[in-house]
Amino acid sequence: MDYIANTPQEKEEMLAAIGVQKIAELFSGIPRKVKLDCPLDIPAGISEMELAHDLKEIAQKNLSLGEVISFLGAGAYDHYIPAIVDHLILRSEFYTAYTPYQAELSQGTLQAVYEYQSMISDLTAMDLANASLLDGGSALGEAVLMASRISRKKKILISQSLHPAYREVARTYGRQQGLEFIQLQLNNTVTDLLELDKTIDQETAAVVIQYPNFFGSIEDMNRIENIISPYKNVLLLMVVNPLALGLLRPPGDFGADIVIGEGQVLGSPLNYGGPYLGFMAVKKRYLRQMPGRVVGATTDESGKRGFVLTMQTREQHIRREKATSNICTNEALNALSAAIYMSIMGRQGLREVAEQCCKKAHYLANRINKIPGFKVVNKSDYFHEFLLETDYSIDKVKKEMSKRGVIAGVDISRFDYKKEGLLVCVTEKRNRGELDKYLTVLEAISGE
Amino acid sequence: MDYIANTPQEKEEMLAAIGVQKIAELFSGIPRKVKLDCPLDIPAGISEMELAHDLKEIAQKNLSLGEVISFLGAGAYDHYIPAIVDHLILRSEFYTAYTPYQAELSQGTLQAVYEYQSMISDLTAMDLANASLLDGGSALGEAVLMASRISRKKKILISQSLHPAYREVARTYGRQQGLEFIQLQLNNTVTDLLELDKTIDQETAAVVIQYPNFFGSIEDMNRIENIISPYKNVLLLMVVNPLALGLLRPPGDFGADIVIGEGQVLGSPLNYGGPYLGFMAVKKRYLRQMPGRVVGATTDESGKRGFVLTMQTREQHIRREKATSNICTNEALNALSAAIYMSIMGRQGLREVAEQCCKKAHYLANRINKIPGFKVVNKSDYFHEFLLETDYSIDKVKKEMSKRGVIAGVDISRFDYKKEGLLVCVTEKRNRGELDKYLTVLEAISGE
Amino acid sequence: MSKPLIKEYSSPGRKGYSLPTLDVPDINLEEELNPKFIRQQLDLPELSEVDVARHFTSLSQKNYGVDSGIYPLGSCTMKYNPKINEDIARIEGLSNLHPYQEDKDLQGSLKILYELKNNLAEISGMDEVTLQPASGAHGELTALMIIKQYFKDKGEERKKIVVPDSAHGTNPASAAMAGFEVVELKSNERGMIDLDKLRGLVDEDTAALMLTNPNTLGIFEREILEVAEIVHGVGGLLYYDGANMNAIMGYVRPGDMDFDLMHFNLHKTFSTPHGGGGPGSGPVGVKKFLTSYLPKPVLIKEGNFFKWEYHRPHSIGRVHSFYGNYSVILRAYAYIKALGADGLRKVTENAVLNANYMKAKLKDVYYLPYEEDSLHEFVLSASKQKEKGATTLNIAKRLLDYGQYAPTIYFPLVVKEALMIEPTETENITTLNKFIATMINISREIENNIEIVKNAPHNTTIKKLDEVKAARKPDLRW
Amino acid sequence: MSKPLIKEYSSPGRKGYSLPTLDVPDINLEEELNPKFIRQQLDLPELSEVDVARHFTSLSQKNYGVDSGIYPLGSCTMKYNPKINEDIARIEGLSNLHPYQEDKDLQGSLKILYELKNNLAEISGMDEVTLQPASGAHGELTALMIIKQYFKDKGEERKKIVVPDSAHGTNPASAAMAGFEVVELKSNERGMIDLDKLRGLVDEDTAALMLTNPNTLGIFEREILEVAEIVHGVGGLLYYDGANMNAIMGYVRPGDMDFDLMHFNLHKTFSTPHGGGGPGSGPVGVKKFLTSYLPKPVLIKEGNFFKWEYHRPHSIGRVHSFYGNYSVILRAYAYIKALGADGLRKVTENAVLNANYMKAKLKDVYYLPYEEDSLHEFVLSASKQKEKGATTLNIAKRLLDYGQYAPTIYFPLVVKEALMIEPTETENITTLNKFIATMINISREIENNIEIVKNAPHNTTIKKLDEVKAARKPDLRW
């Protein structure tokens, strides 16, 4: 199966117009020495029917979340996505389009991105947002570079309560520019603010805080703001879960300079980790240092509002090596999903979904704390995720849960904490029966 | 969950504009005596998330064809539908539109139906086709009424080789107009042509023949045409499988007057029997007697080609009790699917799919005939379906197959034939391995 | 430039399909089959996938659906079609099912059908429901056959079906198709059933009166129990046309109004999309004394097992090859499940509120022929505008220029220059106001600049089409 | 009239969402949490589902995608996106997967990723591939980090990356981001690498030369092995920008041209849709000596078990939170599986055929700055038209009037008034002819009626937009 349009006869006609006999002649520019002399070692093509069949068969070797009760989170969250989102992004005018270079034929994408930027700005209470970045982790990479450009300093203070993968990506990005990363230790499940207070100095380019943090805890941003604000030219860089902002005070309230985060929660499916949606919102004065594309409103000749890619002098195709980033392709379709998700949920819906997540997580956590041998580590307030410690073996807990079709949480031994525990996440998709099932299994283990 | 748009405040505003206090006042025209005085006994509404979840759960109580190897046919066929069909019919401009009364805003539907009519006409080699009827069975109902109107006679000769359900529907429709149905007996799996020859007379309104017939056999239409043609004003009404016409000579070649059939095979999913696509193609001279909607090409004021519903003086909304049919809503979206299916398969594809069905069915049948205790009944040529008889119990065969995830065929004891056997259908979706599995099970039974 | 036909993109040998390589030994079909059966020529287009994608995408863009804007077609209930229902109708385990699979393998779907049947019975006050009819008119026909069979069983050969002059065209057409004679009943000056005239019309030859309530003017027939008494008094039956169920859910039930049988339009009341003209679904509900006549098979429940019962000796027979438009039924099921009793009642309330709001805002500009309270739809007349030289058709076409679909026009027949408007409950006040403003604006244009209305539409991709030519010289295929 | 913003449809209290009723005991979050954490105000629109459906449907209709028509954006490979791949990417068992599920529960997907990696290695002649980068530029950045790490491990601190003046802007930008200095290499008069200049530029401080072959003019660098020798001669690496892979599949492999590492663009060559600007996917392939530097984790196969390996001490680290743009990768996998080796080669043949056909037909009307044989794309200059007063931008906008998307313009920078045209293999001769005719016609218009070109576009829903105003007074949100 291929998707080639010309018929053999048409090919002949075209070759004649070009003035060659055979297609091979068109490749005569390739020296024989490098030319491939045998077919690629790739199996022969198959029909659409076989393709669909084979891939459904491969899918059966996976355990999908549709078959289990999942308490996994840790940066990728299983929220309900209203059916309308996929229906709209499947409009081929959206998903088969390129980056909107020709604005006049791309007003759909452009306006949707403008609306996305506006809603992200509203949600974060920041001045403005870009059109998207590649994912949460790489958005942090871009953000620390940006903070360093703005502050003209190299020292980045990163809390250990930040997602370990994000810290890794930030290091990968920052190292190239000689950035120095200093990790702030944990106090229970939040940033040790005494350490922050001790460590921060005038050489600090930025302090990076996640909110809610990797353990689900809500960092005390007021105190953090108070610690940072005496220092001039030290940026507060917040990594936020935008869905939590339905319930929690927004970064703009704490004087954040740059806000980034993972927008997957806003209407993108889990998809084993990608494509996700890196977003970035900043203070207005940093606009020209911001990476990524931006859509702006303007007017056409008749005074009608229209939208264009703008502020392009920051970008690679204009500024080349002097650009604020190399980003070109971003995550426009995920940004569209987010715009649709935020529109359909709206003010009330985003609040309600955040509240349900929080209330259900607290229900589960509060009851876990009553089961001997199990303990929720988080001492401070948390949103919809918490760290579960146990006197029993984590493997045993995972196994007992798994037997009953439950994925108990993310085993944090895979990260760099040198701690044991399960990071347990509860979204609005989990119902009372499922939460009680979780408790029952823990009780059974406890009662053994 | 509901889909109601107005907010409480807007409702107040609207009530004020109407000049009433409460919504209840708007219903004051309903006498108290008949007014419902308690809520409907229907469970409380649920959220979209619960709805999706519950229905997936209910689905698990079904055995879908995705989980088994099916040899079911008998008027509903499991062909591969190219992915593009559903993508295009999910364009909301198509599926959320009404019957195209305002032609200027409905050119999409109208042109697609015109193209559908054209392709059905080409496929059947008939002069013209209507925009669709409700399904194959009811199309036959409409067709016998039409034949009676044209011939001004009441006697309909129907072969027993016609799908039993179609015969039932035709009787239900025809009885109201006093039509008399005479069934032609079978000779093996085809119409007994000697009986046809004996039974046909000048009182006959129409002879109804299915092609390929219910048992998959290809009726000898040349001989049938020869028997009918000496009689003036006796219509030949053919019921055809349009997919088979990729391989078999079309009804137009045999002088058919009215051709109807089930268009499900042209891109509509099985969907447990509906919605399917009744189609009808006729000779030009019968146009004004034809039931159903018709789209015609015309021009607009600037000479541009455009399409409209036409010949409406045949229809119920104009002619009321004198209409050629009561049909209003038809199966437009299935007709669109058929237009897309025929376009994507094209001349070569429809031929190839028909050939594959036929060759695979013959492979299976020829090998079945070598297994002691099993016999393909069809003596004459057949397309992709055949009647399997066995010395063993049908129930045993079904059970043994079922154990191995195979649905062996349609048990014809459910019909009026007073015969035992399985009607076995093979489409292009069945691969060699599956056919051989079928044979293996029969061999095992035979070898016991 | 005219949009090319799909055929015009065709090129010999182009391919958009793919099939698995034949994996059984190849045979020559000219040998395996009698060669006289083999087709020699087949004229279908030859295209690549991208051609097909672009052609039909482009066609769709020349169409207007509910997702494009308001669709105030009176009597058609063009409400919003929830997207989740499309997904549900495509769940593999609910859709990839063959009609001849065994009941035991389909208990999920049979449960759905059974519950929906019961929901419809509850909503309508009927005792039993068949889901077999595939459209509203198909439901009417089925019901009329039931009526016929009922009288036949009683040994009566009643011939007459009384139909009000305001009725849908399908009513008389279905009656005729079922072998009845149609007698037309004139409405009174209030647009309602004239009891005296009715009394004068019905007799022992009257099989039934077909009625919709609210009627096609949107007006509720207050004297419905009297109507029922008159019809039942001569031994006739009362039939309810369910096209207007959106006006009464949770407020009043046809069964409680003494109707004996009825049809539903799932694609109207229960929000299944109309597909550009179908598929729909037209279940029929009956009172207990008519249940034995329902088309077969009938879905029954034995203990916890759902099954099709075929032995129904009094049944009118089949009206559909299988069980009806199953996937449409699935969508309606999902809709009712989502809304629940309370949601359905709210649907009705808001449909009625929207219609009355629009009527209040438009009745001073367009003539309101019947002042009676109306429910979910109302009928205006452009008679004032007609006097100035613009017809209802002109107004309808001019609406298109403003990117809005037109109401049903020239129906019901009892109103001259009729504009039958049904906004439905899924429109909000903003959309209604926009439509109202446009209607008022058009009326003003008729006064100030009538030519722009008379020559409409101007902004559509195609201009006014020559319908006369289409009918005189039918061009129905390429 | 301007199209309203989604916010402009909002009404306080309107609801389009639904959530299950909370089924755990309700708690007051102002008590459960510190009330200072609780948000008081949230400005998001409030809409019903139909509002959202209509708004975004209407926005989509103001967009142009591959399904709308030819999309000849040079360097972007805007080929048709098969519909089946969208369905495959939505198979529940392939998509509803959490990145922290255990490897043993995801053997299906890991097998897919592993096979795709191997397919890409085979197509490119590389030894190992990472799928982690989420876009082409991300792949470049990853590769440049690998280069940096490689030299660091060797104890060298090479600073220079050589980039031809015809290169994509992402090349220098990525190099800078990876901490390199960019040195520009001027092309020769044939649009190709000037070996002498190259020799003059590279030295022991040169980390790598970034190249695409065919280059952005569509011309194959015949002396590629000499180029490699020069770069390798000073100990530098040769990097391949995979944007133009569509020109060479099955004909020549970067690995065989002595490139050391490269990135792919799955959203170009392997037909995954571009989504209006992403998501894409930019895997990186490397020769064996660079494998230890690949981002972690790395997917490996132990016996028949696929697993992620995290212990990679030489790795540059992570560039993505998880494993890359998985669902884009799925589509590419499906595409390669459908086509097979033969299909991929045919893709290249037809892409090249189409480009050469178009070039042959247009080169007499528009100036062809480089006469060299070209492969899948070619660059024209509107210099002749510029002399008459119409710019490349004018021509691009005028194309839009004819309902066709414009080529890439003003790129590569080495060509004045550049028009970079890449038709791709999924266009057929009819579409090509239509585009050719339009281009010729526009050139004629420039001679006869230049104003219509200079003031284009005329037929689009929006006219020429004020980009200067957009940049001077940024309006980036409501």
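Predicted model: local features only at pLDDT ≥ 70, side-chain atom pairs only at ≥ 80, totals over all residues.
Q: How is chain C split into domains?
A: The assignment gives domain 1 (6–62), domain 2 (84–339) and domain 3 (348–469).

Q: How far apart are the C-alpha centres of domain 1 and domain 3 of chain C?
A: Those centres lie 46 Å apart.

Q: On to the interface. How many residues are in contact between chain C and chain A?
A: Chain C puts in 16 residues, and chain A puts in 15.

Q: And what area is buried between chain C and chain A?
A: About 1300 Å². Carbon and sulfur atoms give 54% of that area.

Q: Which residues of chain C lose the most area to chain A?
A: S18(C), P20(C) and K83(C). Together they make up 33% of what the chain C side buries.

Q: Which side chains meet in a salt bridge, and at what N to O distance?
A: R14(C) meets E10(A), at 2.4 Å.

Q: How many residue pairs are in polar contact between chain C and chain A?
A: 7, with both residues of each pair at pLDDT 80 or more.

Q: Which elements of chain C give two or more residues to the side that touches chain A?
A: α2 (49–60) and α3 (83–88) of chain C. Of the elements, α3(C) gives the most, with 4 residues.

Q: What's the make-up of that side by class?
A: On the side of chain C that touches chain A, 5 residues are nonpolar, 6 are polar and 5 are charged.

Key: Residues numbered from 1 in each chain as written. Chains lettered and ligands numbered in written order. Heavy atoms only, no water. Domains from an automatic or database assignment. Contact = heavy atoms within 4.5 Å. Buried area = accessible area lost by both parts, 1.4 Å probe. Salt bridge = Lys/Arg side-chain N within 4 Å of Asp/Glu carboxyl O. Polar contact = N/O pair within 3.5 Å; in protein donor to acceptor, adjacent residues only side chain to side chain. Nonpolar A, V, L, I, M, F, W, Y, C, P; charged D, E, K, R; others polar.
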